[in-house]
Amino acid sequence: MIDYTEKIPNNVDLGRDRVLQRALEHWQPAYMNWWYDMGPSESHALEVYLRTATSVEPDGWAQFGYVRMPEYRWGIFLQPRDASRQVNFGVHKGQPAWQEVPGEYRSTLRRVIVTQGDTEPASVEQQRLLGMCCPSLYDLRNIFQVNVEEGRHLWAMVYLLHRYFGRDGREEAEALLERRSGDVDNPRILGAFNEPTPDWLAFYMFTFFTDRDGKFQLCALAESGFDPLARTCRFMLTEEAHHMFVGETGISRILQRTCEVMKEHKVENASDVRALGVIDLQTMQRYLNFHFSVTIDLFGSDASSNAASYYTTGLKGRYEETKIEDDHELQNAEYPVLEVSGSRIITRQVSALTALNERLRDDYIAEIQGGVDRWNKIMEQSGIAFRLTLPHKGFHRAIGNFAGHCISPEGEVLSKETWENNRDKWMPSAADQKFVQSLMTGRVIEPGKFANWIAPPIRGINRQPLNFEYVRFN
Ligand SMILES: [Fe+2]
Ligand SMILES: [Fe+2]
């Protein structure tokens, strides 16, 4: 169980390590300052129907109740330790999992933890204005839930930095509160986390696509030979599931509403659909293309000696490593990667070790495709011919083998000029964004009411009705 009598709720027996406890209690006010500055805009006095983790057991791990977000009990929760756990891959395979950081991997591990930790506050910063134009109280509560849990994920990484990395770790923990998403001088580490999330369509796309990148990274780190990292990431995954649910159902509800309006008014072309105050399917496709492409860049280069060494040294595994049936060393294995050769895209077999980023990206894309198929059922059931598709893996890439090439969503290699001429057909244009934002100028906060451009969800949160007061303004 989690101890909530402590200043910092935890299940790591923090009270027994006074030095660590004091260091974290020293970081806590800096974290709160960050939350007041960069957390959701004008939200501090609101009472929000939030879930709070109460135990790390899979069933019944959370309780729901009204909380003012600055009073949310951010804490440190690790999956319980399995004393028999081993390093399950790489050259240390079969050794007991490490309970302390192996000296030779110290700086690499610190970098991995800092890079993961940096994404957590970044997404809160990216989303901070969206509460001001929410489509319902239900959605407002959901974005706040996502935000407080991203804050907790930052705590999860900061705990590891403080507990296992001494002074360098404490300095990194401070720097995590100093970088800012999109800041010219001190930006967040990864590209997609410096892109603005200017509207709710972008928010749902982000939670569907980019939070799922988070899931896959956490899954790979949950296989780590460094046991405290593995256990931390396991518990974070429990929270992450809700974020992806918010994204997937958010997009479903927009599609649902658009299809209803198209059927009711017998309209098909985008401008007629827009005139009825809902988002046309073509715009949905363009947002999808953008978010998919910037998110798959986050997996890194197709060929990466870093990825190979993270694996060989036992620091970061594959997705569902222990369920894969092979030697878990990959010294002689190969993996197919794509590259551009002249005007064609070709497949080349490369060392499976250097291709581990690509493999994780492929696992991710397979899961994403499942979500897109579920979205397409909505059009199918409405008798509308339009289908959403994932663009080619090479489309609009800035990292890896496709960087610097101009690839169409269908996978043709194009000249820069042709690509640029089609850009607004494939990616959200300034006019698209202006239109989407024109639907979201104010917030809808009457219980049970939803903005015109989105359908209500099928059910409420924690079995509450749709007209439940998910956020109290008082
Ligand atoms: Fe997170
Ligand atoms: Fe998340």
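Hi everyone, let me begin with a pair of residues: Val48 stands opposite Val471 in strand 7. Helix 3, for its part, packs on the sheet, touching strand 1, strand 2 and strand 7, where contact means heavy atoms within 4.5 Å. The direction of helix 3 makes about 45 degrees with that of strand 1; axes here are lines fitted to C-alpha atoms, for helices over the stretch in contact, and angles run from 0 to 180 degrees between N-to-C directions.

Before going on, a word on the source: this is a predicted model, in which local features need pLDDT of at least 70 and side-chain atom pairs count only at pLDDT 80 or more, while totals for chains, interfaces and linings use all residues. Residues are numbered from 1 along each chain as its sequence is written, chains are lettered from A and ligands numbered from 1 in the order in which they are written, and side-chain values use heavy atoms, leaving out hydrogens and water.

What is the order of its three strands? The sheet is open and runs 2-1-7, with antiparallel pairing. Strand 2 (62-68) and strand 7 (471-472) are the edge strands, each pairing on one side only. Strand 1 (residues 47-53) pairs with strand 7 over two bridges; two strands count as paired if DSSP finds at least two bridges between them. Helices (H or I, at least four residues) and strands (E, at least two) are DSSP runs, numbered from the N terminus.

Now to the salt bridges. How many does the structure hold? There are 36 salt bridges, each a side-chain nitrogen of Lys or Arg within 4 Å of a carboxyl oxygen of Asp or Glu.

Let me show you three of them. Arg152 and Glu239 form one, with their closest N and O atoms 2.8 Å apart. This pair links distant parts of the chain, as Arg152 is in helix 3 (residues 137-164) and Glu239 in helix 6 (residues 227-265), 87 residues apart. Both Arg152 and Glu239 are buried; buried means under 20% relative accessible area, exposed over 50%, and partly exposed in between (1.4 Å probe, protein chains only).

Next, Arg188 and Asp118 meet in a salt bridge at 2.9 Å, N to O. Arg188 lies in the loop between helix 4 (166-176) and helix 5 (200-221), and Asp118 in helix 2 (residues 106-126), 70 residues apart.

Finally, Asp432 pairs with Arg274 in a salt bridge, at 2.7 Å between the closest N and O atoms. Asp432 sits in helix 12 (residues 430-438) and Arg274 in helix 7 (residues 270-275), 158 residues apart.
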